[in-house]
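User: I'd like to learn how to read the contacts in a model like this one. Can you walk me through it?
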Amino acid sequence: MHIPDGFLSTPVWATMDVAAAPALGYIVRRAQRGFDDSRVPLLGVMGAFVFAAQMINFPVGIGTTSHLVGGALLAYTLGPAAASVVMSAIIAIQALVFQDGGILAMGANLINMALVGVLAGYLPFYLWGGGRWRKLAIFAGGALSLLASAVLALAELLVSGVPMPASVLGVSLALFVVSALLEGAITLAVIEALETIQPGFVRKPETGRSFALGAIGLAAVLLAAVGVLVASTAPDGIEKLGLQTGIASHVRSLVTTPLTGYQAAFFQTGWLRKASAGLAGLALIYGACLLIGRAVARKRSV
Amino acid sequence: MHHVVLERWSQGASVLHRRDPRAKIAALMVFLVVLATAHRALPVLGVALVLLLSAALIWARLPLFRALARAAIVLPFSLIFAAVCWLTGDPARGFSLLLKSYLSALAVLLVVSTTPFPALLRGLETIGAPRFLLMVAQFLYRYLFVISEEAQHMTIAAASRGATVRGVMAGARFRAAAGALAVLFARSYGRAEDIHRSMLARGFLGRFQPAAALRFRATDAVFTLFASLAPVLLRAAVERAL
C-alpha cells in the first residue's frame, strides 16, 4: 500500500503533502506533550518491532500466511499520537532506505497509514475499549485501520487517473477486506497474548462513551471511506466512456506517439476538475470530523 | 544483509559523498518534481535521466549495475498497474508509471547511498522536519536489525520445534504466532527501557549532540545549482527537440 512516486498526479501529491505537513507537526507536538525523553528510545524500538513483526508469519487458510501491520496495536499500547509518530518514522525509513513508497508521495502515504490509519484504528477502542464489547472493539480497530488506509490509497490512485476497471477494483477491494479482517484477528490475538504475559501494556481508554456517539463516529469513517471511493470512480467512468466513444480514433493514433500535447491538456483539465472535486470532498469530511470531535470533547469535559 | 550494502556504499569518499546533505536533498527534490510533472516525450526523457543518474552513480564510485538492480525493487508493484493500463488500452500511461517510479527510486537510492543515514536526518532537521520524529527515526534505524534478528531467531526456534509441520491445527499455530509476537513486543519494550537508562547514565539531555556541525560550503552551493539545473535543462532540451 506504499504508493511509489510517479503514480499520483501533481495536484494529488501536492495537496496531500501540503495537508500532511501541519497534520504531522500537530501529531508530533501532541505525542511529545506529557511524555518525557524516555519516549524517544521507546518509540524508536517499537517501530523496529513493527518492522520485525513482518517476519513472524500467521497461518491463514491453506498454505497462505499473513503478518501484522501494527498501526492499531501501537495505538492501543502507546496511545494514538505516539503510534502515529512511530508509523510516520516507519514510512519515512521505508521510503528512504528501502525505496518502498515515494518521496513526493510521502504526504499521501503518511495521511493514509500514519494519520488516518492509526486514528481510524483507535476510534472503536476509544469508544468501546472499556466496556462489554472490548474484544470486538480491538478486532474492529485493527480491521478498520487497514481498510481506511487501503480505501484512501485506492481513491488517491483513482483521482490521479490510474485506470482501474470495475473488475480490478472489485478484486482489490475484496483482497483489502480479507486482509483487514486478518489484521483485526491478529491484533486481537496479540493483545490477548500480551495481557496474559503482562497486563500493564495495553492502555485503558477513558470509559463512559455513549453508544450512539460511537455508532455515528464509525458510520462517518465508513461513509467517508466509501464515499471517497464512489465519488472518485464516477467521474473517471464518465471520462473513460467519452474517451472510448468520442475520441477513440485519436487515442489509437496517440498510442504510436505517446502523450502528445493534446492528450496532456486533456488530462490536465481532467485533473483540475477531479482534484477540486476531491478537495471539496476532503473539506466535507474534515468538517464532519471536526464536528464529531467537538461533540466528543464537549461530552468529555462534562 | 540488505542494509549493510547501503551502509557500506554511503561511507565512500567521492565528491558526491562529501557534499552537504542539504545540497543533495535540494537536488533530489528538483529532480523528482521535474520527473513527476513531465508528460511529453517520456521515452527520450527517460533515457536522458537514466544516463544522468548513471553518470552520477559512476562519479560516486558506486557499483552501477547493482544500484540499477536495487532500484528495480519498485517494479513489481508498478508492473501490476502497468499491465492493467495496457489491458485497458492506455499503454502510454503504463509506460509512464513504470518509468517514473523506477527513476524516482533510483534518484532516492543515489542520495541515500552517498549520504550516511544520520547525516541525512540531520540535513532534514535543519530544513524543518520535526526533531522528535527524526530522533524516533534514528532509533528505529539503529534497532531495526537488532529486533529483526531477534524475530528471525524466534522463527527458527519455532520451526525447529515443529511449528511448520503440516497437520498441526491452524488455530493453535495462529495462537502460537500471536504469543511469539507478544513476547517480542515485551522484549522490545524492556530493551527500550534499558536503552533509556543507559542513555541517562551517559548524560543524555534530551537531544543528540552531533560530532560536527553541518557546513554548507561554496562548493555545495555550486553543486546544488548544477545538480538542480541538469534535469531541468535536460527536460527543456528534450521537449524542445521533439
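User: Let's start with chain B: into which domains is chain B divided?

Analyst: Keep in mind that this is a predicted model. Chain B splits into domain 1, made of 5–126 + 213–241, and domain 2, which covers 131–201. Note that domain 1 is written as two stretches of sequence.

User: How many Å separate the centres of domain 1 and domain 2 of chain B, and how many residues does each put into the contact?

Analyst: Taken over C-alpha atoms, the centres of the two domains of chain B are 34 Å apart. The contact takes 6 residues from domain 1 of chain B and 5 residues from domain 2 of chain B.

User: What does buried area tell me for domain 1 and domain 2 of chain B?

Analyst: Buried area is what two parts lose on being put together, summed over both. Here the two domains of chain B bury about 560 Å² between them, and 73% of it is on carbon and sulfur atoms. On the domain 1 side, B:Phe117, B:Leu121 and B:Glu125 lose the most area to domain 2 of chain B, together 72% of what that side buries.

User: Which helix gives the most to that side of domain 1 of chain B?

Analyst: Helix 8 of chain B, residues 117–126, with 5 residues. By class, the side of domain 1 that touches domain 2 of chain B has 4 nonpolar, no polar and 2 charged residues.

User: And how many salt bridges and polar contacts are there between domain 1 and domain 2 of chain B?

Analyst: The salt-bridge count between these two domains of chain B is 0. As for polar contact, the rule finds 1 residue pair across their interface, both at pLDDT 80 or more.

User: Now the two chains. How many residues of chain B and chain A are in contact, and what area is buried between them?

Analyst: 74 residues of chain B touch 74 residues of chain A. About 6,600 Å² is buried between the chains, with carbon and sulfur atoms giving 84%. In chain B, B:Phe132, B:Phe174 and B:Phe185 lose the most area to chain A, together 13% of what that side buries.

User: Why does the pair of A:Phe7 and B:Phe81 join two chains?

Analyst: Because A:Phe7 lies in the segment before helix 1 (10–32) of chain A, while B:Phe81 is in helix 6 (residues 75–87) of chain B.

Note on methods
Residues are numbered from 1 along each chain as its sequence is written. Chains are lettered from A and ligands numbered from 1 in the order in which they are written. This is a predicted model: local features need pLDDT of at least 70, side-chain atom pairs count only at pLDDT 80 or more; totals for chains, interfaces and linings use all residues. Side-chain values use heavy atoms; hydrogens and water are left out. Domain bounds come from an automatic or database domain assignment. Contact means heavy atoms within 4.5 Å. Buried area is the accessible area (1.4 Å probe) that two parts lose on being put together, summed over both. A salt bridge is a side-chain nitrogen of Lys or Arg within 4 Å of a carboxyl oxygen of Asp or Glu. A polar contact is a pair of N or O atoms within 3.5 Å; within protein, one must be able to donate a hydrogen and the other to accept it, and residues adjacent in sequence count only if both atoms are side-chain atoms. Helices (H or I, at least four residues) and strands (E, at least two) are DSSP runs, numbered from the N terminus. Ala, Val, Leu, Ile, Met, Phe, Trp, Tyr, Cys and Pro count as nonpolar, Asp, Glu, Lys and Arg as charged, and the others, Gly among them, as polar.
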